[in-house]
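Colleague: Could you walk me through how some of the helices sit in this model? I would like to go slowly, one at a time.

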Amino acid sequence: MATGVFFVPDPDLLVMERASPYNLFINSSAVEGRDHFVKIFPIGDTLTKADYIQLKQKYQQVYISEIERGAYLRAICQYFGKSEAEKVQILKSSALHHLDSIFNVKTDEVSVDIINQTLDGTRQTVEGFVELLKGYELNQLHELIGSLSFHDFYTYDHSINVSMYCILIYKLSTPDASPDQIINAGMGGFLHDIGKIKIPNKILNKVGRLTDEEFLEIQRHPTFGKEFLSQRGVKGPKGANVDLIRDVVYQHHENFDGTGYPTRLKGEEIEFLARVTAIADFFDAITTKRSYAEALSVEEALNLMKKSRAKKIDPRIFDSFLLHMTEKYHEKESNLVLADDFDPCQPHVKLKRTG
Ligand SMILES: [Fe+2]
Ligand SMILES: [Fe+2]
């Protein structure tokens, strides 16, 4: 018997007459509340229309495991002729689903099983992002992100955006990267703030300046994230590099000049992918529109980030990022000031202008 959560797929959007990208299940129990899911059609087999009609007649409904929602959604994008905008929205809903399933658990319930399910789901979602972004240049991605509907919990949208930026920045800085390395880059970005599960919502959602104590509490999220991913039995899906993802989660607030947190690593002591993520994190934080903060234009954001070159962020990775944003960028002295307590993962502090 299969355990876990299952959903009913849209029959018009089921892959038929070709190798199935997901497993199909039936519920063999007629007793309400005592579901008994059994795999009836394995991944890779070809479901014909006749098979499906027979299954429906016999069992009323077929199901897919929640874990495979990403594969289901990607197959819709691939085989059912959706527009680009629809594809992104479908992928985003899958991504939100995975974030919701982890952010909505109570802190003391973040078990190894939940982490492993999240890693599986994240990989599938990120595979979808990588596929979608094949046709995108870095300077188009900001527009794509701007066209998506946004959720009222900043961390969700931010995680999705950072994942997509990480994929493209990593590809630019590592042209010979393997597909798995690119997926790991996207997974690191997607999960970089996972430690925020343990930060109280009243701090995460606070509008305005945080108290010193609150800021110190927020600064614990890389350590919390590392702890989640260090539990015995945490195992990513095939191809996922959990050690690398853990480094990204733990080090994404380290600054290139050694002034960051939690351990004040410096320069190349910081994992390369964590340095990529720091740039993605920073850029998304200042260019995303939120209810309480003005979003900078790409040009303003890049001019501001330039001030942090070799301080907060890796100069070489930033230069390759800048090079690919040239269409949107003209060099100009920025009159924006980055406060000492500016934190891309919690950008509640409004940026001030001089002059
Ligand atoms: Fe963070
Ligand atoms: Fe962040």
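Modeller: Keeping in mind that this is a predicted model, we can begin with α12, which is mostly covered, since 15 of its 16 residues are buried.

Colleague: And how far does α12 reach from its first C-alpha to its last?

Modeller: Helix α12, which runs over residues 272–287, reaches 23 Å between those two atoms, and this is close to the 22 Å expected at 1.5 Å a residue.

Colleague: Okay, new topic: at roughly what angle do α6 and α7 cross?

Modeller: The axes of helix α6 (residues 154–173) and helix α7 (residues 179–191) cross at roughly 150°, and they come within 7 Å of each other. Angles over 145 degrees count as roughly antiparallel, so α6 is roughly antiparallel to α7. The crossing in which α6 passes α7 is right-handed.

Colleague: Which residues meet there?

Modeller: On the α6 side they include Ile160, Val162, Cys166 and Tyr170, while among those in α7 are Ile182, Ala185 and Phe190. The residues of this contact between α6 and α7 divide into 8 nonpolar, 5 polar and 1 charged.

Colleague: What about α10 and α11, how do they pack?

Modeller: Helix α10 (residues 221–229) and helix α11 (residues 242–251) pack at an angle of about 165°, with their axes 8 Å apart, and they are therefore roughly antiparallel to each other. Their crossing is right-handed.

Colleague: Who makes that contact?

Modeller: Pro222, Thr223, Gly225, Lys226 and Leu229 of α10 make the contact with Val242, Ile245, Arg246, Val249 and Tyr250 of α11. The residues in this contact of α10 with α11 divide into 6 nonpolar, 2 polar and 2 charged.

Definitions and conventions: Residues numbered from 1 in each chain as written. Chains lettered and ligands numbered in written order. Predicted model: local features only at pLDDT ≥ 70, side-chain atom pairs only at ≥ 80, totals over all residues. Heavy atoms only, no water. Axes fitted to C-alpha atoms, helices over the stretch in contact; angles between N-to-C directions. Helix = DSSP H or I, 4+ residues; strand = E, 2+ residues; numbered from the N terminus. Parallel < 35°, antiparallel > 145°, perpendicular 65-115°, else oblique. Left-handed = near helix turned anticlockwise from the far one by under 90°. Contact = heavy atoms within 4.5 Å. Nonpolar A, V, L, I, M, F, W, Y, C, P; charged D, E, K, R; others polar. Expected span 1.5 Å × (residues − 1). Buried < 20%, exposed > 50% of the residue type's maximum accessible area, 1.4 Å probe, protein only.
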